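Please read the report below alongside the sequence and the coordinates. It moves from the whole chain to single residues.

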Amino acid sequence: GELLQISDKMLEGMNYRFDDAARDAFGQYLSLRLAQPHFANARSVRNALERARLRAASRLFAERDRAHTETDLTTLAPEDVLASRVFQAAT
């Protein structure tokens, strides 16, 4: 719970936000990641958010033929989180 609140604050500072499904996915990510070694709390959260932002940028770049809204450009979608290898390792 606290780490999810920290992630919301970090994203707010970056002028980003989760959509509802992405926030749920990030909660799942945190549950899985906490069970792995070398989890460093806020640092690990920040690193995961940075990677999700990079995946979002790649996703939007792949859709470059369509006009993107400000919301598109500042909202993380579930696929940006679920592409993490943390989920691949869990399967």
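The report begins with the basis of the model and then turns to fold, surface and selected positions.

## Basis and confidence

This is a predicted model, in which local features need pLDDT of at least 70 and side-chain atom pairs count only at pLDDT 80 or more, while totals for chains, interfaces and linings use all residues. Residues are numbered from 1 along each chain as its sequence is written, and side-chain values use heavy atoms, with hydrogens and water left out.

The mean pLDDT (the predictor's confidence in each residue, from 0 to 100) of the protein chain is 94, and 99% of its residues reach 70 or more. Among the elements, helix α6 (residues 85-90) has the lowest mean value, 85, whereas strand β2 (residues 75-76) has the highest, 98. Where pLDDT is low, the predicted coordinates should not be read in detail.

## Fold and dimensions

The protein chain contains 6 helices and 2 strands, where helices (H or I, at least four residues) and strands (E, at least two) are DSSP runs numbered from the N terminus. Read from the N terminus, the order of these elements is α-β-α-α-α-β-α-α.

The C-alpha trace spans about 40 × 30 × 20 Å along its principal axes. Among contacts (heavy atoms within 4.5 Å) between residues at least 6 apart in sequence, 66% join residues at least 24 apart.

## Surface and charge

Of the 91 residues in the protein chain, 34% are buried, where buried means under 20% relative accessible area, exposed over 50%, and partly exposed in between (1.4 Å probe, protein chains only). The protein chain exposes about 5900 Å², of which carbon and sulfur atoms supply 50%; accessible areas come from the Shrake-Rupley method with a 1.4 Å probe, and for residues only the protein chains shown count as cover.

The mean positions of the 13 positive and 13 negative charges lie 8 Å apart. In this count Lys and Arg are positive and Asp and Glu negative, with His and the chain ends not counted, and each charge is placed at NZ of Lys, CZ of Arg, CG of Asp or CD of Glu.

Alanine 52 is found in helix α3 and counts as buried because its relative accessibility is 1%. Leaving aside neighbours within four places in sequence, alanine 52 is in contact with Leu76 and Asp80, and its C-alpha atom is separated by 8.8 Å from that of alanine 77, 25 residues apart along the chain.

Leucine 60 also belongs to helix α3 (residues 42-62) and, at 11% relative accessibility, counts as buried. Not counting residues up to four places away in sequence, leucine 60 touches His68, Asp72 and Leu73; the C-alpha atoms of leucine 60 and aspartate 72, 12 residues apart along the chain, are separated by 8.1 Å.

## Loop residues with positive phi

Most residues other than glycine have a negative phi. Asparagine 15, which is not a glycine, has a positive phi of about 65°; asparagine 15 is placed in the loop between α1 (2-13) and β1 (17-18) and counts as exposed at 59% relative accessibility.

Histidine 38, likewise not a glycine, has a positive phi of about 65°. Histidine 38 is found in the loop between α2 (20-34) and α3, and is exposed, with a relative accessible area of 73%.
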